[in-house]
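Here's a quick briefing to read with the model open beside you. Have a look at the fold before going through the points below.

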Amino acid sequence: MEHITLLLAIVVVTALVFDFTNGFHDTANAMATTISTGAMKPKTAVAMSAVLNLIGAFLSVEVAKTISGGIVNEDGIRTEVIFAALVGAILWNLLTWLLGLPSSSSHALFGGLIGAAVMSAGWSSINGGTVVTKVLLPAIAAPLVAGIAAMLATRLTYRINRSVTDPNQLKSTAKGYRAGQIASAGLVSLAHGTNDAQKTMGIITLALVTSGVLAPGSNPPMWVIVSAGVAIALGTYLGGWRIIRTMGKGLTDLQPPQGFAAQTSAATVILASSHLGFSLSTTQSCSGAVMGSGLGRKGGVVRWSTATRMFVAWGLTLPAAGLVGAGAEFLTKQGPWGIAVTAVILVGGSFAIWVASRRQPVDHTNVNDTDGDEPQGVVTTAIAAVQPPPIGVPASEPELISSIPAPASAPDDPARPPAKV
């Protein structure tokens, strides 16, 4: 620890701040469906998710090694590069949180790191093969695999329960699915801690390597693992309510069987990728699973306008965070005054985004409110209206009331029986 300089200490603290934003930005991954279907109360859900995120941080270091020694070449990378990368990742995370868009914290970090490294040492500092195989390909495959798995699981779930008509059995089935949602949400939280907390571990480890504190190829020290786990758990407990609203209510209307299928599918994909060292986006996996579960239920509707905005945010994350990271690195290369200016931009930008969020606050008291959400559209509303809900699942929609009165008969109409008094 005696080799840690002031700059390195600033980088470590900034990395933990990113980890904190990662936590509240990605709380929706685990708990949005559980909260939206009423399986758990909002504050209880985020508390459980925080604890399991902390536990998950200790399960593996494979993703951390991918980041610390895989994406960029450690030789020639200065500590200032890591700081610049984190600035790009944090500002993009906060901006998408303000907009309620479930973009990828992972890709924000990768984009910032790639942009800062290229500005510092050129394109030769990037391991292109690793970026393609362990970042870009999983980014495409993960939401597709999770979405298809969730769609098939949802259809299978409803098919199994289509013969259930007894009211008592329906209540028991609903309770069972809510219990399953809680268990699967816990699994997603554990997987999120295993995958995402490691990204901060990898960044801090890379900073320690570039500063000469650790040898290249070293595993994260225990204090790095503990601090990263605590930071992401605290962020998760804070709750990213804006993104929870989008994931739980903005993409599709979920019932407990769909929530269970979506969370189980996403957790399976995330845990498998963590074991293989693929640093995929848990946000993209969970979003794909939610959309897949919406498509898997007969009469289910996906709000494609919301999904389109989300897809645009996904596509912009890497280049946008990369540009901010490159700009921050351009400043840090100028010396101490450039580092100070970059720090001021980070703090000032974060404060401005927070002030903007206070204009229309979203918290645990109104996270499930849908007033002001965009309409589903003429086509999707019509589809939902003509297709009955699945057999065996009590309809949660309000009873339809005719708005067209029956034509009144003339008082002397002989075809109409006299009214009883």
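Start with a helix pair: H13 and H14 pack at an angle of about 145 degrees, and their axes lie 7 Å apart. On the H13 side, the contact is made by Ala-328, Leu-331 and Thr-332, while H14 brings in Gly-338, Ile-339, Val-341, Thr-342 and Ile-345. Sorted by type, the residues of this contact come out as 5 nonpolar, 3 polar and no charged. Keep in mind that this is a predicted model.

**The chain overall**
- You'll find 15 helices and 0 strands in the chain.
- The chain runs to 421 residues, and 52% of them count as buried.
- Take the contacts between residues at least 6 apart in sequence: 87% of them join residues at least 24 apart.

**A closer look at H13**
- H13 has 29 residues and spans 41 Å from its first C-alpha to its last, which is close to the 42 Å expected at 1.5 Å a residue.
- There's a bend of about 45 degrees in H13 at Thr-317, and a proline, Pro-319, follows within four residues.

**The nonpolar cores**
- The largest nonpolar core has 52 residues, and Ile-71, Ile-82, Leu-86 and Leu-113 are the ones with the most contacts inside it.
- Several helices each supply at least two residues of this core, among them H1 (6-25), H6 (105-121), H7 (128-160) and H8 (167-210), along with H13 (304-332) and H14 (336-357) from the pair above.
- H5 gives the largest share of this core, with 13 residues.
- What does Leu-113 touch, once residues up to four places away in sequence are set aside? Its partners are Ile-71, Val-72, Ile-82, Ala-85, Ile-203 and Leu-206.
- A second, separate core has 12 residues, including Ala-150, Val-269, Ile-270 and Ala-289.

**H9**
- H9 is 17 residues long and reaches 25 Å from first C-alpha to last, close to the 24 Å expected at 1.5 Å a residue.
- Its buried residues include Val-224, Ile-225, Ala-228, Ala-231, Ile-232 and Ala-233.
- Ser-227, Gly-229, Gly-235 and Thr-236 of H9 are on the buried list too.

**Gln-181, in helix H8**
- Is Gln-181 buried or exposed? Gln-181 sits in helix H8, and it counts as buried because its relative accessibility is 0%, with the cut-off for buried at under 20%.
- Leaving out neighbours within four places in sequence, Gln-181 is in contact with Thr-33, Thr-34, Thr-37 and Ala-39, and also with Pro-256, Gly-259, Phe-260 and Gln-263.
- Gln-181 and Ala-262 are 81 residues apart in sequence, yet their C-alpha atoms are 9.1 Å apart in space.

**Asp-253, in a loop**
- Where is Asp-253 found? Look in the loop between helix H10 (241-250) and helix H11 (256-276).
- Asp-253 has 29% relative accessibility, so it counts as partly exposed; that class lies between the under 20% of buried and the over 50% of exposed.
- Asp-253 and Met-291 are 38 residues apart along the chain, and 9.9 Å separates their C-alpha atoms.

How values were computed: Residues are numbered from 1 along each chain as its sequence is written. This is a predicted model: local features need pLDDT of at least 70, side-chain atom pairs count only at pLDDT 80 or more; totals for chains, interfaces and linings use all residues. Side-chain values use heavy atoms; hydrogens and water are left out. A nonpolar core is a set of buried Ala, Val, Leu, Ile, Met, Phe, Trp, Tyr and Cys residues joined through side-chain atoms within 4.5 Å. Buried means under 20% relative accessible area, exposed over 50%, partly exposed in between (1.4 Å probe, protein chains only). Contact means heavy atoms within 4.5 Å. The expected span of a helix is 1.5 Å times one less than its number of residues. The bend at a residue is the angle between axes fitted to the seven residues ending there and the seven starting there. Axes are lines fitted to C-alpha atoms, for helices over the stretch in contact, and angles run from 0 to 180 degrees between N-to-C directions. Ala, Val, Leu, Ile, Met, Phe, Trp, Tyr, Cys and Pro count as nonpolar, Asp, Glu, Lys and Arg as charged, and the others, Gly among them, as polar.
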